[in-house]
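This briefing goes through one protein chain, from its overall build to a few single residues. Keep the sequence and the 3D view open while reading.

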Amino acid sequence: MSAEEAVQAVSSGDRVWFGEGCGTPKPLIDALVQRASELRDVELVHMLTFGEAVYTRPEYQGRFRHNGLFCGENVRQAIQDGRADYTPIFLSEIEGLFWGGDLPLDVAFIQTSLPDAHGFVSLGTSVDCSLSAARCARFVVAETNRRMPRTLGDSFLHVSEIDALVETDRPLLELPSEEPSEVQNRIAARVASLIPDGAVIQTGIGGIPNAVLGFLRDRKALGVHSEMCSDGVIDLIESGALTGKKKNLHRGKIVVGFVLGTRRLFEYMHENPMFEMHPTAYTNDPYVIAQHDRMIAINSAIQVDLTGQVCADSIGDKPYSGFGGQVDFIRGAARSKGGKPIIALPSTAKGGAISRIVPRLDPGAGVVTSRGDVHYVITEFGVAHLHGKTLRQRAEALIEIAHPKFHDELLRSLSRSAEAGSRGVLVA
């Protein structure tokens with residue numbers, strides 16, 4: 001049926017799931033927005049989607065309200081202005097909200113490949129939480145796109161599990177990798193120095209994780225187990241560095257929940273047995289992650305305080321992104337034999353005007369990763385190994401990797417904290 005016919009399944013008061021990333025089902029979303037005048041109090045739930053989130057505009061208040069499980073650029077302002085909501089949650093636990101009934105879904109909008117000869121569609125680039133959402137929702141609408149790759153693994157639904165099919169033939173939304181900056185390359189080189197042959201890597205979203213891949217082409221028998229990957233894995237495969245031959249689980253396979261990339265990656269993945277897609281409840285399960293020897297988790301941050309607390313989802317009290325899989329992989333890698341959990345970030349922000357290594361987090365800032373979970377913090381100026389270190393040792397190590405122009409300010413803060421502590425004053 002047409003998209004306009006399919007979205008008639010949505011009624012006022014419903015909760016609707018949108019597939020995410022390169023699998024954002026844009027024709028279905030557009031058709032639903034066209035029905036705005038007929039609807040009230042429809043909750044739209046999703047992670048990181050691409051394209052403009054028209055439904056978050058002020059004129060749609062009372063019609064639609066977005067509930068973000070990740071705060072992407074297209075919904076950030078609406079969340080910060082209070083027109084939309086943000087739910088902080090570990091990526092590994094989102095699907096449990098559907099299965100357990102804490103976040104029941106009325107309708108799921110997903111994007112899939114066309115059905116094969118046996119009636120199965122693949123969720124292609126975006127299995128993530130969408131496969132579980134489709135299995136839990138009362139009504140499932142699938143945009144079956146001729147250009148969606150048929151990816152393998154736990155990525156399939158049978159047409160009997162889908163209530164409405166909307167056939168399209170359009171390019172998928174893409175996320176090209178940007179050329180790394182000089183600072184990102186310096187950080188990436190330091191991260192890469194900690195990655196041995198045979199390591200299994202997780203890379204999050206952003207310039208630094210992408211840049212790291214470029215420094216690994218001389219390695220041997222690397223593997224990937226991650227929530228996501230990008231085009232950069234193709235170059236690692238073709239260089240011979242990425243084979244997965246030493247993985248403890250899914251040997252020889254790249255295991256991810258979703259991909260954020262371009263047509264090059266989509267075509268490379270199509271029916272490629274080297275790629276296995278799985279729901280993020282599996283890819284991000286710390287127990288599963290920890291079973292890989294030499295698991296290297298690479299994630300970023302907005303601020304790190306001198307005790308090692310990591311803020312990664314807000315700027316002060318303003319939501320900026322989300323938990324994603326950072327804590328899932330930090331904890332999994334920490335329990336891996338030979339594993340290394342890494343937080344990598346530029347030493348400054350706003351063109352060098354402010355330090356990201358700070359005496360204390362900004363008021364209202366959320367702690368995504370606790371100081372007990374943090375092992376390595378890396379900037380362009382060095383590597384700080386914090387695990388098992390005292391508060392003073394942590395602070396000294398972090399000051400060493402801060403931008404030099406902030407060293408004196410950070411040292412003065414450390415001295416003031418020590419003086420207050422000697423007087424028995426509780427220091428935040």
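Two strands count as paired if DSSP finds at least two bridges between them, and strands themselves are DSSP runs of at least two residues, numbered from the N terminus. The model is predicted. The chain holds 14 helices and 27 strands.

**Overall build**

- A compact globule of 428 residues would have a radius of gyration near 22 Å, and the value for this chain, 22 Å, agrees with that.
- The C-alpha trace spans about 70 × 50 × 35 Å along its principal axes.
- Of the 428 residues, 57% count as buried.
- Taking contacts between residues at least 6 apart in sequence, 70% join residues at least 24 apart.

**Surface and charge**

- The accessible surface of the chain is about 17,200 Å², and 49% of this belongs to carbon and sulfur atoms.
- There are 44 positive and 52 negative side chains in the chain.
- The centres of these two sets of charges lie 7 Å apart.

**The seven-stranded sheet**

- Seven strands make up an open sheet with parallel pairing, in the order β4-β3-β2-β1-β5-β7-β10.
- Its edge strands, β4 (85-86) and β10 (164-168), each pair on one side only.
- Strand β1 (residues 15-18) pairs with strand β5 (residues 107-112) in the parallel sense over three bridges.
- Within this pairing, Val16 has Val107 in β5 as its bridge partner.
- β5 is also joined to β7 by six bridges, and the two run parallel.
- Ile110 stands opposite Ala142 in β7.
- Between β7 and β10 there are five bridges, again in the parallel sense.
- Asn145 has Thr168 in β10 opposite it.
- Strand β7 (residues 139-145) is largely enclosed by the rest of the structure, because six of its seven residues are buried.

- Thr280 is part of helix α10, which covers residues 280-283.
- Is Thr280 buried or exposed? Its relative accessibility is 0%, and buried means under 20%, so Thr280 counts as buried.
- Which residues does Thr280 contact, leaving aside its neighbours within four places in sequence? They are Leu91, Ser92, Glu95, Asp128, Cys129, Gly257 and Asp285.
- One of these contacts, Ser92, is 188 residues from Thr280 along the chain, yet the C-alpha atoms of the two are separated by 5.7 Å.

Terms used:
Residues numbered from 1 in each chain as written. Predicted model: local features only at pLDDT ≥ 70, side-chain atom pairs only at ≥ 80, totals over all residues. Heavy atoms only, no water. Helix = DSSP H or I, 4+ residues; strand = E, 2+ residues; numbered from the N terminus. Rg over C-alpha atoms; globule rule 2.2 N^0.38 Å. Buried < 20%, exposed > 50% of the residue type's maximum accessible area, 1.4 Å probe, protein only. Contact = heavy atoms within 4.5 Å. Areas by Shrake-Rupley, 256 points an atom, 1.4 Å probe, with all protein chains shown as cover. Lys, Arg positive; Asp, Glu negative; His and termini not counted. Charge placed at Lys NZ, Arg CZ, Asp CG, Glu CD.
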